[in-house]
Amino acid sequence: MYYQTQAVRLVTFRTGTGREARAPAPGVLIEGGRKVAALPGFTSVLEIVEGGQNALERAHESVQHSPTVFGLGDVTLLAPIPYPPQMRDFLCFEKHLVQAFDAVGKISGKPTSVPQAWYERPIFYHPSRFSVCGPDAEVPWPAYCEKLDFELEFGCYIGKPGKDIPKERAREHIFGYTIFNDFSARDEQAKEMAGQLGPGKGKDFDN
């Protein structure tokens with residue numbers, strides 16, 4: 001996770017494997033991403049996000065004197081926040097949406113077009129927050145799927161609560177950014193979207 005105004009790469013990592021695996025811990029990538037410094041005094045990256053600027057400053061200070069540093073090859077990186085309190089996946093780019101509808105139409109055999117509602121309001125669905133995984137993790141291929149797809153997306157972590165936020169103040173609420181891959185069982189998704197309740201098994205499977 002990149003904090004929006006400072007080059008701080010927050011991570012959640014684990015040491016050991018199998019029965020020797022330790023509990024996940026928060027840390028910071030240092031030395032150009034070659035090492036991970038543990039963050040004493042914090043139990044999770046989520047704690048830092050929820051703590052706002054004060055917590056981030058404490059993390060800055062603690063990493064300067066971190067007594068524990070690991071080589072990147074000696075840890076397993078998890079998602080920055082393995083179990084986010086909530087997730088929303090938005091459709092933000094028109095070209096992507098046009099291409100997606102075209103692809104679904106080819107699979108289902110029913111041509112579709114971008115609905116007018118997309119131009120009028122923010123459209124999103126709620127992914128499963130329990131199916132988030134970290135870098136290099138394996139994503140099991142669903143048994144009911146023949147056309148598994150993934151999309152490179154841009155993730156924003158919201159740190160400051162708000163409601164009905166005007167767009168000119170949106171950045172005030174963003175704590176940091178990450179990259180994100182959203183996996184989809186396209187053939188299943190094409191069938192279930194006809195039910196008009198959004199994606200189900202097409203996007204909800206392990207990892």
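**Figure 1. Salt bridge between Glu172 and Lys160 in the predicted model.** In this predicted model, Glu172 and Lys160 form a salt bridge whose closest N and O atoms are 3.6 Å apart. Both residues sit in the loop between strand S9 (148-158) and strand S10 (174-185), so the pair ties together parts that are twelve residues apart in sequence. Glu172 is partly exposed, with a relative accessible area of 38%. Lys160 is also partly exposed, and its relative accessible area is 38%.

**Figure 2. Salt bridge between Arg121 and Glu120.** The closest N and O atoms of Arg121 and Glu120 are 3.6 Å apart, and the two residues form a salt bridge. Arg121 has a relative accessible area of 48% and is partly exposed. Glu120 has a relative accessibility of 53% and counts as exposed. The cut-off explains the two labels: exposed means over 50% relative accessible area.

**Figure 3. Salt bridge between Glu31 and Lys35.** The side chains of Glu31 and Lys35 meet with an N to O distance of 3.7 Å. For Glu31 the relative accessible area is 41%, which makes this residue partly exposed. Lys35 is likewise partly exposed, at 31%.

**Figure 4. Network of salt bridges.** Five residues are linked in this network: Asp149, Glu151, Asp182, Arg186 and Lys203. The structure as a whole holds eight salt bridges. Across the protein chain there are 23 positive and 26 negative side chains. The centres of these two sets lie 2 Å apart.

**Figure 5. Fold of the protein chain, as context for the close-up views.** The secondary structure comes to three helices and ten strands. Along the sequence, these elements follow the pattern β-β-β-β-α-β-β-β-α-β-β-β-α. The C-alpha atoms fill a box of roughly 60 × 45 × 25 Å, taken along the principal axes. Of the contacts between residues at least 6 apart in sequence, 63% join residues at least 24 apart.

**Figure 6. Surface and buried residues of the protein chain.** The protein chain has 207 residues, and 32% of them are buried. The chain exposes about 13700 Å².

Notes:
Residues numbered from 1 in each chain as written. Predicted model: local features only at pLDDT ≥ 70, side-chain atom pairs only at ≥ 80, totals over all residues. Heavy atoms only, no water. Helix = DSSP H or I, 4+ residues; strand = E, 2+ residues; numbered from the N terminus. Buried < 20%, exposed > 50% of the residue type's maximum accessible area, 1.4 Å probe, protein only. Contact = heavy atoms within 4.5 Å. Areas by Shrake-Rupley, 256 points an atom, 1.4 Å probe, with all protein chains shown as cover. Lys, Arg positive; Asp, Glu negative; His and termini not counted. Charge placed at Lys NZ, Arg CZ, Asp CG, Glu CD. Salt bridge = Lys/Arg side-chain N within 4 Å of Asp/Glu carboxyl O.
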